Amino acid sequence: MFADYTWTELGSIFAMQGFAGLILFSVFVLMALGLAIIFGQMGVINMAHGEFMILGAYVTYLCSNFVEAYAPSLFGVYFFFAMILAFVAAGSLGALVEWSLIRHLYKRPLDTLLATWGLSLILQQAYRSIFGAREVGVTLPNWLLGSVPLTDIIEIPINGIFVMVLTFFIAIGVYFILFRSRMGMQTRAVVQNRVMAGAVGINTEKVDRNTFALGCGIAGIAGSAFTMIGSTGPTAGQLYIVDTFLIVVFGGAASLLGTIASSFAISQAQSTMEFFLSGSMAKVLTLLTVVGILMLRPQGLFSLKIRR
């Protein structure tokens with residue numbers, strides 16, 4: 001298989017595969033961070049997480065069309081405003097869903113699974129009715145197009161670099177929210193001992209709503225970034241929900257570091273195996289490996305001790 005390549009060409013090919021894995025890693029982290037907050041911190045199995053991501057993608061699509069039609073002079077910077085609007089839209093919908101549905105189902109994880117699965121079907125049909133069944137694409141600013149040549153063979157797409165930088169800042173922001181802010185301190189207190197947190201005056205219902213909204217808002221940003229590497233359709237979110245849950249469970253529920261570590265491990269393994277095997281076989285082998293590790297270590301790579 002490798003006889004026709006020189007060592008330099010092989011090194012370049014593996015470097016390109018490694019960078020493709022980094023882009024996949026960035027997408028996985030963006031998708032999994034929101035779910036890690038909702039599933040890991042709150043114990044809610046949110047099967048509609050992909051639909052919140054696609055909401056962010058559709059908001060970006062609408063911003064792209066609006067700015068291109070009515071304010072073309074701002075087209076170069078519209079993507080930043082689109083990400084903010086995607087976060088607000090997905091977070092607001094998340095707060096509404098938590099208030100109207102999720103808050104009645106705490107401590108009933110199977111019921112949250114069924115309820116959010118039904119919600120995902122409702123949202124998919126709503127997207128299909130509003131935007132149509134066909135996939136849509138976003139027009140990117142010129143500065144996000146093209147690639148940066150590293151060598152004569154290796155070229156790095158600019159949108160991939162942007163996604164990685166965005167992922168870095170989002171991860172840092174989530175860290176500061178969860179571990180360096182009053183909201184994060186209250187969230188971790190509720191996770192570790194809900195009864196005691198309520199006894200010392202923490203409004204646990206408000207914390208739950210804000211936490212769920214934050215997780216959904218991050219999913220909206222992930223959807224906005226997703227428009228740079230793929231087209232958007234009503235059911236596109238379901239293509240990533242299994243990978244996202246796998247990352248959160250493998251990394252360890254309620255562990256931000258575990259989510260990032262498992263995203264890196266799974267993305268690099270999958271990207272490397274895709275060079276030797278088909279994409280579907282690479283996914284199968286990755287899944288079997290993760291399942292085998294979870295059988296030996298059910299709590300995941302990193303675990304958090306929680307008092308009940």
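**Note on the predicted model: burial, helix faces and contacts**

1. Cys216 is buried, because its relative accessible area is 0%. The model under review is a predicted one, and a search of the whole structure finds zero disulfides. Cys63 is accordingly in no disulfide, its nearest cysteine sulfur being that of Cys216, 19 Å away. Seen from Cys216, the closest cysteine sulfur is in Cys63, and 19 Å is too far for a bond, since a disulfide requires sulfur atoms within 2.5 Å. Cys63 also counts as buried, at 13% relative accessibility.

2. Is Asn46 buried or exposed? Asn46 is buried, because its relative accessible area is 0%.

3. Helix H5 covers residues 158–179, and its length can be checked. The buried residues of H5 are Asn159, Gly160, Phe162, Val163, Leu166, Thr167, Ile170, Ala171, Val174 and Leu178. Viewed down the axis of H5, these buried residues fall within an arc of 165 degrees, and therefore they line one face of the helix. Phe168 and Phe169, on the other side of H5, are exposed.

4. The largest nonpolar core has 73 residues, and those touching the most other members are Leu33, Tyr78, Leu166, Ile170, Val174, Phe212 and Met228. H1 gives the most to this core, with 14 residues. Ile170, which is also one of the buried residues of H5, touches Leu30, Leu33, Ile218 and Ile221, not counting residues up to four places away in sequence.

5. Helix H6 (residues 182–192) has Gly184, Thr187, Val190 and Val191 as its buried residues. Seen down the axis of H6, they fall within an arc of 125 degrees, so these residues line one face of the helix.

6. Ser231 lies in the loop between helix H8 (204–226) and helix H9 (238–251). At 32% relative accessibility, Ser231 counts as partly exposed. Which residues does Ser231 touch, not counting those up to four places away in sequence? They are Glu135, Val136 and Phe226. Ser231 and Gly137 are 94 residues apart along the chain, yet their C-alpha atoms are separated by 5.0 Å.

7. Met273 belongs to helix H10 (residues 256–276). Its contacts, not counting residues up to four places away in sequence, are Ala282, Leu285 and Thr286. Met273 and Tyr127 are 146 residues apart in sequence, and their C-alpha atoms are 34 Å apart in space.

8. The unreviewed UniProt entry places the feature "transmembrane region" at residues 20–40, 52–71, 77–101, 153–178, 212–233, 245–266 and 275–296. Two of these stretches may be compared with the model. Over residues 52–71 the chain is 95% helix and 0% strand, with 27 Å between the end C-alpha atoms. Over residues 77–101 the figures are 92% helix and 0% strand, and the end C-alpha atoms are 36 Å apart.

Key:
Residues are numbered from 1 along each chain as its sequence is written. This is a predicted model: local features need pLDDT of at least 70, side-chain atom pairs count only at pLDDT 80 or more; totals for chains, interfaces and linings use all residues. Side-chain values use heavy atoms; hydrogens and water are left out. Buried means under 20% relative accessible area, exposed over 50%, partly exposed in between (1.4 Å probe, protein chains only). Helices (H or I, at least four residues) and strands (E, at least two) are DSSP runs, numbered from the N terminus. The arc is that of the directions from the helix axis to the C-beta atoms. Contact means heavy atoms within 4.5 Å. A nonpolar core is a set of buried Ala, Val, Leu, Ile, Met, Phe, Trp, Tyr and Cys residues joined through side-chain atoms within 4.5 Å. UniProt positions are given in the numbering used here, feature names are shortened, and annotations may be inferred rather than shown by experiment.
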